[in-house]
Amino acid sequence: MIGRRGLIGAMAGGGAGLLLSGCDRVIAQPQVRDIIFRGEDMQRGLQRALMDRDALAPEFSADQRSPYFRTNGTRDPGTAAYNALRAGRFADWRLQVDGLVARPLSLSLPNLGQFAQRAQITRHDCVEGWSAIGKWQGPKLGDVLQQAGVRARARYVVFTCADLYGGAPYYESVDMVDAFHPQTILAWALNDRFLDVGHGAPCRLRVERQLGYKHAKYLMRVTAVDSLAGIGKGRGGYWEDNVDYDWYAGI
Amino acid sequence: MDATLITLPASDPISIRRHSLATRLWHWVNAVAIFILIGSGLGISNAHPRLYWGRYGANFDAAWATLPRFPAWITIPQSYNLAISRRWHLFFAMVLAFGLLGYMVASLINRHFQRDLRLRAKDLSPAHLVADVRAHLQFRFHDEAHPGAYNPLQKLSYAGVVFVALPLVILTGVALSPGMNAAWPWVLELFGGRQSARSIHFIAMAAITLFVVVHLVLVILAGWRRALWSMISGRWRVPGTMEDARAETPAGAAAARDLSPDNGAHNTRAAGVADDARAGGIGR
């Protein structure tokens, strides 16, 4: 009987191992992969149904901030163009706002400061699992898009960055719900100082209801588009294109 | 002599209806979901294997636990891939949550919760619990007078997993979502911040894993064939009934034969029972 029990135990263990590796074979099937990947649309639909369009991400008090806000992803773009901007303390940096807009803009850092400012102490959640809380400041992306006269048929906003991944600029995108969310800002300050290079100087996106990889750093260009097709590999971002991260990173 | 067959009574006394369709359906859907969620969750853990208390937590903050790197053979996918682990995890998270919701509604309507899982005062009396622990240690898992009833430890562990561990793992999962933090900020407050929720998510997973292991061991000890079949068909052949007991010993088998006016016909059935008892009926 003990022998039988041992055998059953071994079979259960071996079975579990086989089932786990079976999952890898199962998701290699395109149909299964499609169904599992459809989970992203289900999560987005469910979350959007449960939250108000302008529901705010939690904000914190100054003493709840992380003592040290770690950096992640690119810590220094290091390209010749970026190094030149950095050497000039970003006086020559301009943020291009273009695409489906009536009046394309070219904004300097002082121009960003002329918009109504929003400051928010929010939590940054990396897809890996860690969180850091810091104070961000900048104009609302919605105000900037409005000034540029964004057209009604624009469905997404694409952010192009100064840092290169595999030879191409890092890019990200959000839809108009998040683009016009009151906490979605073009942040140029972290904890009451100009952004440092590690955190995306001179300007980065904050899109507080989504994970860290959506918060594009080293912004160079903001483009309103009606489709993500034809940009990169068409999935709306560097990580989405290359390693199957969800485009909707609300979870 | 003609081989006349005996007819069994209309309601077979040695087999009871144990699991409703809702319970069986949920059991198997949930089994698959939990299996995939644990495997993919361990894969996600490998991305940042540190646990914190509070609202924030990253590499330079104090961690209360540093987890081991979970080996490839227990993660989904086998080779580290955070994106694919998350795809599995977030899809089956919805299967787990909506499955539990459906099962809870069904079990209130069909009175499974009220009838089978309700803990009564006597279930929780120390004397009763001690007696039940002793019975478990002696591999006696059923009250012979009420074979269909769950024993106190069974009720406690099922109620614990259905009403505490699973809702906890689901709610802490919800608290990890920055989108849901905006939609339902109270969930985040309930756990005192996202990194606390992440820690509790892991602890609840460990409790569920422990439940699954103990559950599987007890299923094997209590007769895995009849348990497995009852979770498929809904019918459970009660161990320890007259016929079952007789079939297990040669004397018993002989006695069982004596019950029948036609030895040959009955014997076929008794032999089947004896085989089954040898294979799985070790839990008595």
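Me: How many bridges join E4(A) to strand E8 (residues 189-190) of chain A, and which residue stands opposite Trp136(A) in E8(A)?
Reply: This is a predicted model, in which local features need pLDDT of at least 70, side-chain atom pairs count only at pLDDT 80 or more, and totals for chains, interfaces and linings use all residues. Residues are numbered from 1 along each chain as its sequence is written, while chains are lettered from A and ligands numbered from 1 in the order in which they are written. E4(A) and E8(A) run antiparallel, strands being DSSP runs (E, at least two residues; helices are H or I, at least four) numbered from the N terminus, and two strands pair if DSSP finds at least two bridges between them. The bridges joining E4(A) to E8(A) number two, and the residue opposite Trp136(A) is Leu190(A).

Me: Why is strand E4 (residues 131-139) of chain A largely enclosed by the rest of the structure?
Reply: A residue is buried if 20 or more other C-beta atoms, placed from the backbone, lie within 10 Å of its own, exposed if 12 or fewer, and partly exposed in between. E4(A) is largely enclosed because its buried residues number eight of the nine.

Me: Which residue takes a positive phi in the hairpin of E3(A) and E4(A)?
Reply: Strand E3 (residues 117-125) of chain A runs antiparallel to E4(A), joined to it by nine bridges, and Asp125(A) stands opposite Ser131(A). Five residues lie between the two strands, and the one with a positive phi, near 130°, is Gly129(A).

Me: Are helix H5 (residues 152-175) and helix H8 (residues 194-221) of chain B roughly parallel or roughly antiparallel?
Reply: Their axes, lines fitted to C-alpha atoms over the stretch in contact, are 8 Å apart and the helices pack at about 150°, with angles running from 0 to 180 degrees between N-to-C directions. Angles under 35 degrees count as roughly parallel, over 145 as roughly antiparallel, 65 to 115 as roughly perpendicular and the rest as oblique. H5(B) and H8(B) are therefore roughly antiparallel.

Me: Which residue does a cis peptide bond join to Ala201(A)?
Reply: The residue concerned has its place in the loop between strand E9 (193-194) and strand E10 (204-206) of chain A. With omega about 0°, the cis bond joins Ala201(A) to Pro202(A).

Me: Is Asp192(A) exposed or buried?
Reply: Asp192(A), found in the loop between E8 and E9 of chain A, has a positive phi of about 65° although it is not a glycine. Because 9 C-beta neighbours lie inside 10 Å, Asp192(A) counts as exposed.
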